[in-house]
Structure formats: structure tokens, C-alpha cells
Amino acid sequence: MKQIFPILFSIALISCNQQTDQTQLLQKRVDSLEHQLAETYKPGFGEFMSGIQVHHNKLWFAGENENWKLADFEIHEIMEAIDNIKKYQKERKESEMIDMLNPALDSLNNAIKLKNPKLFKSSFITLTNTCNQCHRQTQFEFNVVKIPDQPPFSNQDFRKQLEKK
Ligand code: HEC
């Protein structure tokens, strides 16, 4: 009976050691994953803005051509970029202000739904003014957005395509 205690004690010690080994291994893996996560590429605020810039431009020409399907697509690209700013750029204080675009976007969505060129134009001007309002408020006033004169790319046709019946 006396010998059994040292044996039990040794078993307990071995399993305890095994557990520490496993904990250390897990900690190593957690550290490595955390490192990988920190190194993962995510677009910066300016990159999202450059994307928005392209869709802002295309949206204008879609509206000009009364190509409402394309306009609907482009405005949703802008809205997606806004969602991504909120998701991936939480640490930037400017992200808290991004919803200031909502009233102008709602109005544009409405114009697209109603296929109303006049409402589209006035809402697009409001949207553009709101872009610049935020740039001024965030000390990026040197980034001035305007109604575009030309589409961003020459390889896209903004005219409405004949729908197949
Ligand atoms: C919430 C505030 C805010 C709103 C609203 C906003 N922007 Fe910006 N924009 C910024 C900030 C901040 C930067 C600078 C980003 C950086 O640090 O690179 C910027 C930069 C830009 C740039 C320069 C990007 C580059 O790298 O050259 C463009 C173009 C731009 N915005 C277009 C727009 C357009 C178009 C809209 C409206 C549809 C808009 N922005 C709305 C805050 C805003």
C-alpha cells in the first residue's frame, strides 16, 4: 500500500506536465494566429474612397443616360464600400461620420426607383456636396469632388441596353 502513493504521485506529475506542454503548444498557435491576423492586408480608408470615387463618377453617367439598372448597381457599390468602411476602418474617427451620406443616398435611390432624371440630378448634387462637407470637416478639404465631365474609363458603354423580350 505504501508504494502506491509515490506511483500515483508520479502519474499525476506526468499528466500535469503533459498538460502544461499542451497549454504551451496551444498558446504558441494562438500567438502565431494573432500575428497572421495582424499582418493580413485590409484596404485603407483612402482606398475605399478611391473606389467610391469611381462609382460616384459612373453613377452620374448612368443617371445621365437614364440607365436606371446601371445606376442602381453603381449606388449599391457605393453603399457596399460604406459598409466596408464601417467594418474595416472602425479605428478611424471619420468612419463615425460616414452615415451623413445616407439622406442623399436615400434620395438618389428614390430617384432611381421613380426613374426621375430631375430628382436624380438634384440628389446627386446633394451627395457631392456632402462628400465635400465631410472632407472639409475632417481636414481633407483639398480632396474636392465634383460632377464629372467624362466617364472614368473609355471601355464602358453607359447607354441603356435594349432589353431582350
Ligand atoms: C465621413 C467622411 C467622408 C465622406 C462622407 C466622404 N469622404 Fe472621401 N475622404 C474622407 C477622408 C477622411 C479621406 C482621406 C482618406 C485617407 O486618409 O487616405 C477621403 C478621401 C477621398 C478621396 C481621395 C482618395 C485618394 O486616395 O486619392 C476621394 C476621391 C474621396 N474621398 C471621394 C469621396 C466621395 C466621392 C464621397 C462621396 C460620395 C466622399 N469621398 C465622402 C472622408 C469622407
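Which residues form one aromatic cluster? Please also set out how the aromatic pairs are arranged.

Reply: The model is a predicted one. The aromatic cluster consists of Trp60, Trp68, Phe120 and Phe124.

The pairs may be taken next. A pair of aromatic rings is described by the distance of the centres and the angle of the planes. Six aromatic pairs are found in the structure. One of them joins phenylalanine 61 and phenylalanine 158: the ring centres lie 5.9 Å apart and the planes stand at 50 degrees, so this pair is tilted. Planes under 30 degrees apart would count as stacked and those over 60 as edge-to-face, so an angle of 50 degrees falls into the remaining class. Phenylalanine 61 belongs to helix H2 (residues 45-64), whereas phenylalanine 158 sits in the segment after helix H5 (117-137); the pair therefore ties together parts that are 97 residues apart in sequence. Phenylalanine 61 has a relative accessibility of 10% and therefore counts as buried, the limit for that class being under 20%. Phenylalanine 158, at 6%, counts as buried too.

A second pair is made by tryptophan 68 and phenylalanine 120, with 5.8 Å from centre to centre and 65 degrees between the planes, an edge-to-face arrangement. This pair also links distant parts of the chain, since tryptophan 68 lies in helix H3 (residues 68-88) and phenylalanine 120 in helix H5, 52 residues apart. Both tryptophan 68 and phenylalanine 120 are buried, and both are members of the cluster named at the outset.

The domain assignment divides the protein into domain 1 (1-40) and domain 2 (45-137). The centres of these two domains, taken over C-alpha atoms, are 54 Å apart.

A ligand is also present, with 18 residues around it; Met49, Arg92, Cys131, Cys134 and His135 come nearest. Arginine 92 places a polar side-chain atom 3.0 Å from an oxygen atom of the ligand. For histidine 135, an N or O atom of the side chain lies 2.8 Å from a nitrogen atom of the ligand. A search of the whole structure finds zero disulfides.

How values were computed. Residues numbered from 1 in each chain as written. Predicted model: local features only at pLDDT ≥ 70, side-chain atom pairs only at ≥ 80, totals over all residues. Heavy atoms only, no water. Phe/Tyr/Trp six-rings, centres within 6.5 Å; stacked < 30°, edge-to-face > 60°. Helix = DSSP H or I, 4+ residues; strand = E, 2+ residues; numbered from the N terminus. Buried < 20%, exposed > 50% of the residue type's maximum accessible area, 1.4 Å probe, protein only. Domains from an automatic or database assignment. Disulfide = S-S within 2.5 Å. Near = heavy atom within 4 Å. Polar contact = N/O pair within 3.5 Å; in protein donor to acceptor, adjacent residues only side chain to side chain.
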